[in-house]
Amino acid sequence: MGSSLRRRRIVSRTALPAAVMLLVGGAVAVQSGTPAVAAETTLRAAAAKAGLFFGTASSPNRLYPILSQEFGQLTPENDMKPDRIATSSGGLQNTSGADQLVNHAQSNGMVVRGHTLVWHSQAGALQGASQSTLNTFIGNAINRWGSKIAYWDVVNESLEDNNTGRRRNQWPHTMNRDANGDGDFFDAGDTDVIRDSFIRAKQVVQAGGYSTKLCINDYDVEGLTVKGGGPNRKANALYDIVRTYRQYIDCVGFQSHFNDNPNSIISNDLQANIQRFADLGVEVHLSEVDIDDDLSNNDIGAGQADNYRKVVRACLNVAKCTGITVWGISDSESWRSSERGLLFTGGNGNYQKKAAYYAVLDELNKGRTTTPPTTTPPPTTPPPTTPPPTTPPPTTPPPTTPPPTTPPPTTPPPTNGCTATVSLNSWTGGFVATVRVTAGSAPIQGWNVQLTLPSGAAITNVWSAERTGTSGSVQFSNVNYNGSVAAGQYTEFGFQGTGSATGLTPVCTAS
Ligand code: XIL
């Protein structure tokens, strides 16, 4: 596949003169000095104000002042990978580059993402290791930096290319066993490198009392759909993994290397996909962003700056999308320099801002949305059906009722009802609907939502609910983690479909 070939290409770089390798002491002030309403002038400050981090990947030979001025988060581009730091028995070696990056981030108030513990690529001496050796390495790496690492990519790129929705057929995933042959690795008798690595990582974090959050990271998982509108099976497989192992997984990275590959498109449903992962309770990050400046087929924006704007906006619109990391500072120093996918040009610390930079800064400065999407139809209050009384009040006194023999019921038990509202994100030929289920004055233990799709509309994908039917009258019921809703509180599920879905009137019943 073109994409995997491009992906594996290793970009060679010239060494930088020692004189430019340097510096930096105290934290960099990023305040504009103008009133609070003024736009921030760095990505770092604008993102912080919006409540997320904006970071980049870097290396020890690229610790230029601009790094900590513009970016509030740092991912070692290569210095924490197993081929750099792991021994064949799961010990650590050559950590000086990683240490330098962590120390630099610490002294400049930057968040660190550790990258990465379990990966089929750049595995070095760990290549072919057993789960037990992987576990040893996981323990050593997490313990070396402890809470200095805010997020660790525990498992990277576990899913196959070409939208199959399957695990990779490569070490370490060849250690997986599907004991009952049901097509997944989720059952008690199964062996699953993802599960076992996360369990180990969680144990180490808990034993050490670290604040580190544990992430799963992958590419081509960004949209709900791939080019042509079919389902993104790789994204769906990742979703199933996160849902199943939610107790060990704290965060999900969508790498977001957007290029001309049909599975790596910037789709209109990027936000909806971020939202469905967020609805599982995990943080979502766009963890390795670069956007080819010549997306011949896959643009949703008018050129690279506009595409960046749309990607950043999709994250900002989801509260649990808590960080964006671009995969390098400058095009010429990028692993995919020929795509010119980053925010700066130039080299060796002498960087110039591109149009894409200003688009991202502007979008970050707008902040997160606080109002519901404009496509949400306003709630329609039905007109009163009973006309005002025209008959005069009765003049005869009402008949006296005999005293009750049984005591009247005291306050009626609160009704455990629910209401449902839909917000729609539509485009020509398709839509994503987000349905909010709100409990009434009493808590509910389960819910069911019925609605009727207009003719021609059909559901292709559902998340956070079980579904019956794909067209016409369809029903959704809660899944095990979102049936219980406290009084007055809400939960959300979503579905995607083809055709048009305007005018939906959901009916909610609770149990
Ligand atoms: C890339 C680096 O940018 C290159 O310098 C290196 O030669 C190969 O790896 N997905 C990942 C990253 O998770 O680790 C990869 O980084 C890019 C794709």
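**Entry 1: the ligand site**

I kept in mind from the start that this is a predicted model. I began with the ligand and looked up which residues lie around it, and I found that 16 residues surround the ligand, the closest being Glu77, Lys81, His115, Glu288 and Trp327. I then sorted this shell by class, which gave 4 nonpolar, 6 polar and 6 charged residues.

Next I went through polar side-chain atoms that lie by oxygen atoms of the ligand. For Glu77, I noted a polar side-chain atom 2.4 Å from a ligand oxygen atom, and for Asn78 I wrote down 2.9 Å for a pair of this kind, again with an oxygen atom of the ligand. Gln122 also places a polar side-chain atom by a ligand oxygen atom, at 3.2 Å. I then asked how much of the ligand the protein buries. The ligand taken alone exposes 410 Å², and 95% of that is buried by the protein.

**Entry 2: strand E9**

I turned to strand E9, which covers residues 321-326, and found it mostly covered, with 6 of its 6 residues buried. I looked up its pairing and noted that strand E1, residues 53-58, pairs with E9 in the parallel sense over 4 bridges. Within this pairing, I traced Phe54 to its bridge partner in E9, Ile324.

I also followed strand E8, residues 283-291, which is joined to E9 by 4 bridges and runs parallel with it. Here I found that Val284 has Cys321 of E9 as its bridge partner.

**Entry 3: strand E17**

Which residues of strand E17 are on its covered face, and which on its uncovered one? In this strand, residues 473-477, I listed Val474 and Phe476 on the covered face, with Ser473, Gln475 and Ser477 on the uncovered one. I set beside this the general point that side chains in a regular strand alternate between the two faces of the sheet.

I then looked for the partners of E17 and found that strand E14, residues 447-452, pairs with it in the antiparallel sense over 5 bridges. Leu451 is bridged to Val474 of E17, and Val474 is one of the residues I had listed on the covered face.

Strand E16, residues 466-468, is also antiparallel to E17, and 3 bridges join the two. In this pairing I noted that Thr468 has Gln475 of E17 as its bridge partner, and Gln475 belongs to the uncovered face. Finally, I looked at the hairpin formed by E16 and E17, where 4 residues lie between the strands and Gly469 in the turn has a positive phi of about 90°.

Note on methods:
Residues numbered from 1 in each chain as written. Predicted model: local features only at pLDDT ≥ 70, side-chain atom pairs only at ≥ 80, totals over all residues. Heavy atoms only, no water. Near = heavy atom within 4 Å. Polar contact = N/O pair within 3.5 Å; in protein donor to acceptor, adjacent residues only side chain to side chain. Areas by Shrake-Rupley, 256 points an atom, 1.4 Å probe, with all protein chains shown as cover. Nonpolar A, V, L, I, M, F, W, Y, C, P; charged D, E, K, R; others polar. Buried < 20%, exposed > 50% of the residue type's maximum accessible area, 1.4 Å probe, protein only. Pairing = 2+ DSSP bridges.
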